[in-house]
Amino acid sequence: MLTGAAGGIGTFVARALVRAGAKVICVGRSPQSLENLQADLLQAGGEAFAIPFDLQNLEAMPTFVQAVERLAGPIDILINNAAVEKHRPFQNYSIADIQAITTTNQLAPMTLCHLLLPGMLERDGGHIVNISSGAGKRGATINSIYSATKAA
C-alpha cells in the first residue's frame, strides 16, 4: 500500500514498485489522478489498484484497511508517503490547517502502522517505509508544522 501515490514522488515510487514486480495499492485523495496512475501502471504490465481515501479520516481507517485487504489480499509493504505542506508563518495557520497537516503527516502513518503491523508479525514478514523530509531535521520559519510532523 502506497499513500500519496498520485502526486509528488508517489508516482515514481509506484512505477518502481511495478518494475520490481509488486502489486501496488495506490491510495490518495484524487480519484482522477489515481485512475490515471493505475492506467499507466497497468499499461506498463503491472498489477495496480486505485483506491481513493482521505487519510484524515482516522475513524474510517480500520474499515478502509479491511476493504483493501479483501480486494487485494494481505498488505506486505506499507509506504507512508502522503503529506500535507502549507507555507506560512506559524501565527497564520488556522487550527484546521494544523489538524490537517498533523493528521495526514503524523497520525495517519502511525494509525496505518498500528493496523497493519499485527498481520505482518503474524505472517512473519512485511515492510514499513515511512517517507520523511529534510525539513524534519531543520525546520523553516514558514513551514514549522510540516517540519514538526516530519521530525515526528
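Which residues does Leu42 touch, not counting residues up to four places away in sequence? Leu42 touches Glu47 and Ala48, where contact means heavy atoms within 4.5 Å.

This is a predicted model: local features need pLDDT of at least 70, side-chain atom pairs count only at pLDDT 80 or more, and totals for chains, interfaces and linings use all residues. Residues are numbered from 1 along each chain as its sequence is written, and side-chain values use heavy atoms, with hydrogens and water left out.

1. **Leu42.** Leu42 is found in helix α2. Helices here are DSSP runs of H or I with at least four residues, strands are runs of E with at least two, and both are numbered from the N terminus. Leu42 has a relative accessible area of 44%, so Leu42 is partly exposed. The cut-offs are these: buried is under 20% relative accessible area, exposed is over 50%, and partly exposed lies in between, with a 1.4 Å probe and protein chains only. Val18 is 24 residues from Leu42 in sequence. From C-alpha to C-alpha, Leu42 and Val18 are 8.9 Å apart.

2. **α1 and α2.** Helix α1 covers residues 10-19 and helix α2 covers residues 31-43. They pack at an angle of about 25°, with their axes 10 Å apart. That angle makes α1 roughly parallel to α2. Axes are lines fitted to C-alpha atoms, for helices over the stretch in contact, and angles between N-to-C directions run from 0 to 180 degrees. Angles under 35 degrees count as roughly parallel, over 145 as roughly antiparallel, 65 to 115 as roughly perpendicular, and the rest as oblique. The crossing of α1 and α2 is right-handed. A crossing is right-handed if the near helix is turned clockwise from the far one by less than a right angle, and left-handed if anticlockwise. On the α1 side, Thr11, Ala14, Arg15 and Val18 make the contact. By class, the contact of α1 with α2 has four nonpolar, one polar and two charged residues. Ala, Val, Leu, Ile, Met, Phe, Trp, Tyr, Cys and Pro count as nonpolar, Asp, Glu, Lys and Arg as charged, and the others, Gly among them, as polar.

3. **α3 and α4.** The axes of α3 and α4 come within 10 Å and cross at roughly 55°. That makes α3 oblique to α4. The crossing is right-handed. Met61, Pro62, Val65 and Glu69 of α3 meet Ala108, Thr111, Leu112, Leu115 and Leu116 of α4. The contact of α3 with α4 divides into seven nonpolar residues, one polar and one charged.

4. **α4 and α5.** Helix α4 (residues 95-122) and helix α5 (residues 144-151) have axes that come within 9 Å and cross at roughly 25°. α4 and α5 are therefore roughly parallel to each other. Their crossing is right-handed. From α4, the contact uses Ile98, Ile101, Thr102, Asn105 and Gln106. From α5, it uses Ile145, Tyr146, Thr149 and Lys150. The contact of α4 with α5 has four nonpolar, four polar and one charged residue.

5. **Strand β4.** Ile79 and Asn80 deserve a look together. Ile79 is in strand β4, and Asn80 is in that strand, residues 77-80. Ile79 counts as buried at 7% relative accessibility. Asn80 counts as buried at 4%. Leaving aside neighbours within four places in sequence, Ile79 is in contact with Met1, Leu2, Thr3, Val13, Leu17, Val129 and Ile131. With the neighbours within four places left aside, the contacts of Asn80 are Thr3, Pro109, Leu112, Cys113, Ile128, Val129, Asn130 and Ile131. **Aromatic pairs.** A search of the whole structure finds two aromatic pairs. Rings of Phe, Tyr and Trp (its six-membered ring) pair if their centres lie within 6.5 Å; planes under 30 degrees apart count as stacked, over 60 as edge-to-face and the rest as tilted. One of the pairs is Phe53 with Phe64: the ring centres are 4.0 Å apart and the planes are at 10°, so the pair is stacked. Phe53 is in the loop between β3 (47-52) and α3 (61-72), and Phe64 is in helix α3, eleven residues apart. Both Phe53 and Phe64 are buried.

6. **Asp124.** Asp124 is not a glycine, yet has a positive phi of about 60°. Most residues other than glycine have a negative phi. Asp124 is found in the loop between α4 and β5 (127-130). At 72% relative accessibility, Asp124 counts as exposed.
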